[in-house]
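Subject: Structure handover

Hi,

Here is the structure for you to look over. My notes follow below it.

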Amino acid sequence: MFINHMKIFSGNSNPELAKKICEYLAVPLGHMEIRRFSDGEIFVEIKENVRGADVFVIQSTCPPVNEHLMELLIIIDALRRASARRITAVMPYYGYARQDRKTAPRTPITAKLVANLLTVAGARRVLTMDLHAGQIQGFFDIPVDHLFAAPVLLDYLKETFRDEELVIVSPDAGGVERARAYAKRLGAGIAIVDKRRLRPNESEVMHVVGDVKGKVAIILDDMVDTAGTMCQAAKAIKDQGAKEVHGMATHPVLSGPAPERIKNSVLKSLVVTDTIPLREEVKDIKKIEVLSVAKLLGEAIRRIHADDSVSSLFV
């Protein structure tokens, strides 16, 4: 394994996760300067030799999404022009993933546009986690390694609720497959919340399909954005007689009114991962617990670099 030829760089979106990944791999974080011109343009300068190196750029395209996306593209371009042998975009959170199809006439498919931008910039591989829609992998003409946070989340559930009767709840019809996979590995029941979305980022919970009475309910989703769906689902489940209701999601976007909603909700806890760093106002919420996916991503990076199989990391 040519570990000395591996280089890891990080944009400004999630430096703490990048640091943990580097610690796991025992590889120093690459030295790079990112600054803004007075008009807001991004300038990147790679401060070390990357010629012939296998380079991994860690950058979640989380809020501010466009800033972090543009930053990633410019970093990739700088590395390509510095003669890096292969550039892998490590995107723990893939922004614009929700725009994966035309939902109305004359609307864009932005997830595909982002895939094109990454490829044109010079990325030769993408490593990401819990895509909002799995078919986004097909938007790329380069290899995509799509990891799941399931190993980390399942370990937490097994350890925390080992003596409880669990029911895994999907907050909508689209998440049933994910909920079923978790329920199967935990020997738990499954329930679905029937929800009707009136407009973007707003939802109305209708009713719960499945038996939650007297059980510890885990609402499972790929991301929590404004937390409307999660909190309304929690109330509906609690009203159906659940003993406790906990939320669980990979990506804590937590935008807009999310912090207030979570504080005032019936959720006993909300477990998320560090694919997106928590904002300062969210860090103070005691209900929120953060698990790290650094080892999972680090192991995937190690295997990609060594041309080993990554498939055993999938649950």
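The second largest pocket holds about 430 Å³ of space. A pocket here is an open set of points on a 1 Å grid over the protein atoms alone, with protein on both sides within 12 Å along at least five of seven lines. Its volume is the space filled by probe spheres set on the points, which are joined across faces, edges and corners; the probe is 1.4 Å.

This is a predicted model: local features need pLDDT of at least 70, side-chain atom pairs pLDDT 80 or more, while totals for chains, interfaces and linings use all residues. Residues are numbered from 1 along each chain as its sequence is written, and side-chain values use heavy atoms, without hydrogens and water.

The lining of that pocket (residues with an atom within 4 Å of a point) counts 24 residues. Asn14, Ile276, Pro277, Leu278 and Lys283 lie nearest the centre. Helix H1 gives the largest share, four residues. Domain 1 (6–147) and domain 2 (150–291) each supply at least three; the bounds come from an automatic or database assignment.

H1 (15–25) also lies across strands E1 and E4 (54–58), at about 160° to E1. Helices (H or I, at least four residues) and strands (E, at least two) are DSSP runs, numbered from the N terminus. Angles run from 0 to 180 degrees between N-to-C directions, with axes fitted to C-alpha atoms, for helices over the stretch in contact (heavy atoms within 4.5 Å).

The open sheet is parallel, ordered E1-E4-E5-E6-E7. Strands pair if DSSP finds at least two bridges between them.

Best wishes
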